[in-house]
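Here is a quick tour of some side-chain contacts in this structure. Take a look at the sequence and the model, then read on.

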Amino acid sequence: MEKIGRTELLAQYAKGRRDFSAIDISEADLFEADLQGINLNGSYLQKSYLPYSNLSQAQLQHAQLQAAELSDTKLCQSNLSQANLQQANLSRATLRRANLRGANLAYTNLQGADLGNADLRDANLNYANLSGANLTQANLSQAQLKGAIFFRSHNVDFSNAYVDCSTIYPDGHRHDCKASPGNQFPG
């Protein structure tokens, strides 16, 4: 896997290159970078610093983004399917119409994020913090929500998601597992 730095990435992007699939830019400082439509499929971006960046319509399938700083980042219509975002900071990020199907978002900070119309089917959101997030028409079918925090989040549809007694609902309460099993984790 090719390792490239911030300067080289931005210079090549400015010259019109968009395909940066399977590269290693982990720990890169890309603060406020405008990388709309970039292809980073299968790339390593662990611990990268990308706040206030524009990654709208980016291709990030199978990308490794563990512990990446993505607060206030624009990821509208980006494809993050099967991406690993475990422990990433996506607070206040814009993920409208993003594809997060099968993504690992465990322990991720999504406080105040805009996930309107996002596809979160089969995503792992265990122990993620979605306090104050907008989930209008977001698809959480088969998503794992064990220990996830949805306090003061908006328009959440839990009907086909896996919740347990540790999932915190928008009003701050937890599911009463003894009274009604609901959509609990299988097995």
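## A charge over a ring

Let's start with Arg18 and Tyr13: the charged end of Arg18 sits over the Tyr13 ring, 3.7 Å from the ring's centre. Keep in mind that what you're looking at is a predicted model.

## Rings that pair up

How many aromatic pairs does the structure hold? There are 5 of them. A pair of aromatic rings is described by how far apart the centres are and by the angle between the planes.

Take Phe31 and Tyr52. Their ring centres are 6.1 Å apart, and the planes meet at 75°, so this pair is edge-to-face; the angle has to be over 60 degrees for that label. The two residues are 21 residues apart, and the pair links distant parts of the chain, with both Phe31 and Tyr52 in the segment after strand 2, a strand that covers 23-24.

## A tilted pair

Now for Phe158 and Tyr169. Here the centres lie 4.6 Å apart and the planes are at 55°, so the pair is tilted. Stacked planes would have to be under 30 degrees apart and edge-to-face ones over 60, with the rest counting as tilted. Once again distant parts of the chain are linked: Phe158 and Tyr169 both belong to the segment after strand 2, 11 residues apart.

What about their surroundings? Phe158 is buried, with a relative accessible area of 14%, and Tyr169 is buried as well, with 13%. The cut-off for calling a residue buried is under 20%.

On to the charged partners: a search of the whole structure turns up 5 salt bridges. One of them joins Lys3 to Asp24, where the closest N and O atoms are 3.8 Å apart. Lys3 lies in strand 1 (residues 2-3) and Asp24 in strand 2, so the pair ties together parts that are 21 residues apart in sequence.

Another bridge connects Arg96 with Asp114, and its closest N and O atoms are 2.8 Å apart. Both Arg96 and Asp114 are in the segment after strand 2, so this contact ties together parts that are 18 residues apart in sequence. Arg96 is partly exposed, with a relative accessible area of 27%, while Asp114, at 19% relative accessibility, counts as buried. With the buried cut-off set at under 20%, the label for Asp114 follows from its value.

Then there's Arg101, whose side chain meets that of Asp122 in a salt bridge of 3.4 Å, N to O. Arg101 and Asp122 sit in the segment after strand 2, 21 residues apart, and the pair links distant parts of the chain. Arg101 is partly exposed, with a relative accessible area of 34%, and Asp122 also counts as partly exposed, at 36% relative accessibility.

Technical notes. Residues numbered from 1 in each chain as written. Predicted model: local features only at pLDDT ≥ 70, side-chain atom pairs only at ≥ 80, totals over all residues. Heavy atoms only, no water. Phe/Tyr/Trp six-rings, centres within 6.5 Å; stacked < 30°, edge-to-face > 60°. Helix = DSSP H or I, 4+ residues; strand = E, 2+ residues; numbered from the N terminus. Buried < 20%, exposed > 50% of the residue type's maximum accessible area, 1.4 Å probe, protein only. Lys NZ or Arg CZ within 6 Å of the ring centre and 35° of its normal. Salt bridge = Lys/Arg side-chain N within 4 Å of Asp/Glu carboxyl O.
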